[in-house]
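Try each task before you read its solution.

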Amino acid sequence: MSATGQKAPVGYNTARRPLPPEIVERSGCPFDPPAGRGELQREQGPVARVRLLNGAHIWLITGYDEVHQVLGDDRFSVDLVRRTSAMHLTPEQVAAGGRRAQLDLERTDGMFLFMDPPEHDRLRKVLTSQFTVKRMRALDARVREITTELLDAMQAAGTTADLVTDFALPLPSLVICELLGVPYADRAEFQERSAITLNTNSTPEQAMAAGLGLRQFMRDLVVAKRSHPGEDLLSGLISGELAADPPLTDTELVDIGTAILGAGHETTANMLALSVFALLENPDQLAALRADPSRIDATVEELLRYLSVPHTGPTRIASEDLILGGVTIPAGDTLVCSLPNANRDERRWPDPAQLDVTRPRSTAHLAFGYGIHQCLGQQLARVELRIGLTALFERLPDLRLAVPAAEIPLRTDMVIFGVHALPVAWG
């Protein structure tokens, strides 16, 4: 049922992503973007008009330069509260006239991911002080300890494992829980609810219930931290030396904490598991890394470029008539940036469809976005990927898939791509 209480047409995704199947479905190599996007780019270019399943239209942006321009220009608004995204309209709303006018309201929430300046800048400044490169690098020792503990447990349990549940998911989850001050015993609760909100098959009712549950979970934690602050990031935002002036409200803290908690485990967990899958399926690249372990940083960057785990990428709304790639984008139109395609732009990389851990870094990838909304936790993700991959292949030199690659269940039903499970064996 739609938000209006009427049944949506068959095939219309009422949850979050009403993109047509031809630009969503993957076939062939599990690491490649949907082939339909490449066909669309060849037909229309890197700025293509697409009709959604709800009847509205968006602009799908697939070129590196064009995505870079969109993410770096504040006139392409990220404020999906004041503005209407075509991606969030029901068929009934489209039929009734499409989109509402921009709302004139004061933002009192903390969803900085969906804020334009100046509201965004105030919250981002506070968070940037907590996510410094120095602080993230200081987590190296703890990430190594957690990695060792997880690998010890895997080996003690036998010679097979599901790398997702036994390694890739708990590693970043433990780290982000400690960073935020979330009791790790509660991880199953937020992981389950987070998965529902990110599942493109979830109904609006399911997604809303899960989202409200996540917020209540974080609200309880904020109340606890106000009474008994610790050394964690959330306590620091409340009462630390780098706390905001004026202080952040409970609503702002709940929104910020929920966003960080979700992003801090979901993307890195899937990137880690998918990276192992990709390296096992490209033994020559794994051999190159083994032959020269100093390549690990370059390998991580190449994997980030090659895999780009968001199914699509950031959404923006044109705040005025704008020119992009020679195409006029009318004010109010929705743009969806395809990071997987942008990171494989032939104009930027030779043989971009090939995984090459020796590739020179002539162009920065866009896996973490670009501009003022570039991922805050990117340095932490790099630490976790570098340490996790290094330790895994050192401890288990004969690591291999336990089932044929074609049987690995892909996360084609989720906003973040990856694998639902990765059965592996060693010994």
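**Exercise 1: A buried pair**

Arg 305 has a relative accessible area of 2%, so Arg 305 is buried (buried means under 20% relative accessible area, exposed over 50%, partly exposed in between, with a 1.4 Å probe and protein chains only). This is a predicted model: local features need pLDDT of at least 70, side-chain atom pairs count only at pLDDT 80 or more, and totals for chains, interfaces and linings use all residues. Residues are numbered from 1 along each chain as its sequence is written, and side-chain values use heavy atoms, with hydrogens and water left out.

Task: Find which residue forms a salt bridge with Arg 305.

Solution. 
- Step 1. Apply the rule: a salt bridge is a side-chain nitrogen of Lys or Arg within 4 Å of a carboxyl oxygen of Asp or Glu.
- Step 2. The partner is Glu 302, with the closest N and O atoms 3.0 Å apart.
- Step 3. Helices (H or I, at least four residues) are DSSP runs, numbered from the N terminus.
- Step 4. Check the burial of Glu 302. Its relative accessibility is 4%, so Glu 302 counts as buried.

**Exercise 2: A pair between helices**

Task: Locate the two ends of the salt bridge between Asp 250 and Arg 226.

Solution. 
- Step 1. Their closest N and O atoms are 2.6 Å apart.
- Step 2. Asp 250 is in helix H12 (residues 250–281) and Arg 226 is in helix H10 (residues 204–227), 24 residues apart, so the pair links distant parts of the chain.
- Step 3. Asp 250 is partly exposed at 28%. Arg 226 is partly exposed too, at 39% relative accessibility.

**Exercise 3: Helix H6**

Solution. 
- Step 1. List the buried residues: Asp 140, Val 143, Ile 146, Thr 147, Leu 150, Leu 151 and Met 154.
- Step 2. Look just past the helix: Gly 158 takes a positive phi of about 140°.

Definitions and conventions:
Helix = DSSP H or I, 4+ residues; strand = E, 2+ residues; numbered from the N terminus.
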